[in-house]
Amino acid sequence: MTKILFSPGKYIQGPGEINNVGKYAAGLGKKALILISAGGFRRNGQDILDGFETEDCTCEFEMFNGECSYNEIKRISALVEEKQCDLIIGVGGGKIFDTAKAVAYYEKTPVMICPTIASTDAPCSALSVIYTDEGVFEEYLFLPSNPNIVLLDTEIIAKSPVRLTMAGIGDALATYFEARACVESEATTCANGKATSAAYALAKLCFDTLMEEGYKAKVALEAGALTPAVEKIVEANTLLSGIGFESCGLAGAHAIHNGLTVLEECHSLYHGEKVAFGTIVQLVLENVPLEELEDIIEFCICVGLPVTLEQLGVTEITEEKIRAVAKAAAAETDTLHNMPFEVTEESTYNAILAANAYGHQYLGK
Ligand SMILES: [Zn+2]
C-alpha cells in the first residue's frame, strides 16, 4: 500500500508579499510571463513590476482572455516561446492559475501561483480544470507536479469580497470529513496513493482552524480588518485544505457538489458554497452523532454558508430535480464511492432531503 503526499514546493503568505514576487521569481528563472486580468493588472501590476527592478529576472505581462480553455493555453504557450520566457506566473483567481499551471506543464517551465482570492483550495494542487471557450467543463488535466511556489498577499485577500473567502471556508470544511471517509475506506487519493498520517493531520488542523477562526475572520473581514484570524483562515482555505484534499482524497461532499451542478438554479453559487451543503449531506449519509451535525450546520449559518436548497437557489423543490442531483452525485465515476459504505442513488436522494430539512430547522424557518 503506497502512501503519497503532494504539496507545492514553497508556500508563502503574508501582508505585502506581492512586492516579493520578483524576488522569488529570480530563484526560478530569468524571464517570467505573468498571466493576469486587466483589473488585476490595474490593482497589482505596478507593485509586481517594482519588485522585479532589483532582481536578475525580467517579466512581461499578458492579459488573460477569461477562460481556461485549450485555445487559451495554446495562445499563452506560443507567447512563452516567442518571448523566450522560462517561468510562468499566474496572478488572480482559479481560471488564471489553472491556465498558468497547464502552460507551464506543456512548456516544461516552473510555475508560480499568486491567488488574489481565497475562495477554493485549488492553488496548491497539481490539477487544472479545462473548459471550452464557451465556459463548459471539458476535463481535468492531472499534472505531474504541483506549483513550485504559491504566494498570497493577505492584504490583497482582505480587500477581496468577504463572500469569496467564506466560500473558501465552505470548500475547506469538506476536507476533513472527506479525508476521514477516504482513510476509513482506504480509497486512492487525488495524489494516486493512500493518505499519509501527515496529510490527515493537516486535514484535521484545517477543520479545527475553521471552527476556531472562521467566524472571527468573517467579522474582521466585514470591517475591512486583516487580523491573525484572517491569516489563519487564508492558510486553512489554501494550504491546509489544498494538501488535505489532494493527499487524503475526496468523497461525499464534492460528489454532492458535482450533482448540484446539474441544476441551473445553482450556477450563481460559488464552488465552496455548494460543497458546504454537500458536507452536510455527507454527514447525514454517515449518520454522525447529533452534536456533530448540529456543530456543522450552526457553523455554516454563522459564516453565511447555505444550509438549505432554497439558499442554494432552488426555490421550487421537486422530486425530479433532487433525484437528478442524486443520480449525478452517485455516478459510477464520482467520489461518492470513496465513502466507507455503499451509497446508492436512493440513499443520496434521501440524505439531500433530510439535510435540507435540518437546515430549515436550525435556521428556524
Ligand atoms: Zn473543492
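A polar contact is taken here as a pair of N or O atoms within 3.5 Å; within protein, one atom must be able to donate a hydrogen and the other to accept it, and residues adjacent in sequence count only if both atoms are side-chain atoms. The model is a predicted one, in which local features need pLDDT of at least 70 and side-chain atom pairs count only at pLDDT 80 or more, while totals for chains, interfaces and linings use all residues. Residues are numbered from 1 along each chain as its sequence is written, and side-chain values use heavy atoms, with hydrogens and water left out.

Thr238 belongs to helix α8 (helices are DSSP runs of H or I with at least four residues, strands are runs of E with at least two, and both are numbered from the N terminus). With a relative accessibility of 1%, Thr238 counts as buried (buried means under 20% relative accessible area, exposed over 50%, and partly exposed in between, with a 1.4 Å probe and protein chains only). Beyond residues up to four places away in sequence, Thr238 touches Tyr11, Ala118, Thr120, Asp121, Pro123, Cys124 and Leu152 (contact means heavy atoms within 4.5 Å). Ala236 also sits in helix α8, which spans residues 228–248, and is buried at a relative accessible area of 0%. The contacts of Ala236, again without residues up to four places away in sequence, are Ala172, Cys206, Thr209, Leu210 and Ser241. Between Ala236 and Val129 there are 107 residues in sequence and 22 Å in space, C-alpha to C-alpha.

Where does the largest pocket lie? Domain 1 and domain 2 both give residues to its lining, so the largest pocket lies between them. On a 1 Å grid over the protein atoms alone, a pocket is an open set of points where a 1.4 Å probe fits, with protein on both sides within 12 Å along at least five of seven lines, and lining residues have an atom within 4 Å of a point. The largest pocket has a volume of about 1700 Å³, a volume being the space filled by probe spheres set on the points, with grid points joined across faces, edges and corners. Its lining holds 50 residues, and Thr120, Val129, Tyr131, His257 and His271 lie nearest the centre. Among the elements that give two or more residues to this lining are α2 (38–52), β6 (127–131), α9 (252–260) and α10 (271–286). The largest share, five residues, comes from α4. By type, the lining of the largest pocket holds 20 nonpolar, 23 polar and seven charged residues (Ala, Val, Leu, Ile, Met, Phe, Trp, Tyr, Cys and Pro count as nonpolar, Asp, Glu, Lys and Arg as charged, and the others, Gly among them, as polar).

The second largest pocket has a volume of about 240 Å³. Its lining is made up of 13 residues, with Arg43, Asn44, Glu155, Ile156 and Lys159 nearest the centre. At least two lining residues come from each of α2 and α5 (154–159). The lining of the second largest pocket divides into three nonpolar, five polar and five charged residues.

The loop between α6 and α7 (197–222) holds Thr189. Thr189 is buried at 6% relative accessibility, and its side chain reaches the backbone nitrogen of Ala191 at 3.0 Å. Asn192 is also in the loop between α6 and α7, but Asn192 is exposed, with a relative accessible area of 60%. The phi of Asn192 is near 65 degrees, a positive value in a residue other than glycine. Another positive phi, near 50 degrees, is found at Asn287, in the loop between α10 and α11 (290–303). Asn287 is exposed at a relative accessible area of 65%.

Methods:
Domain bounds come from an automatic or database domain assignment.
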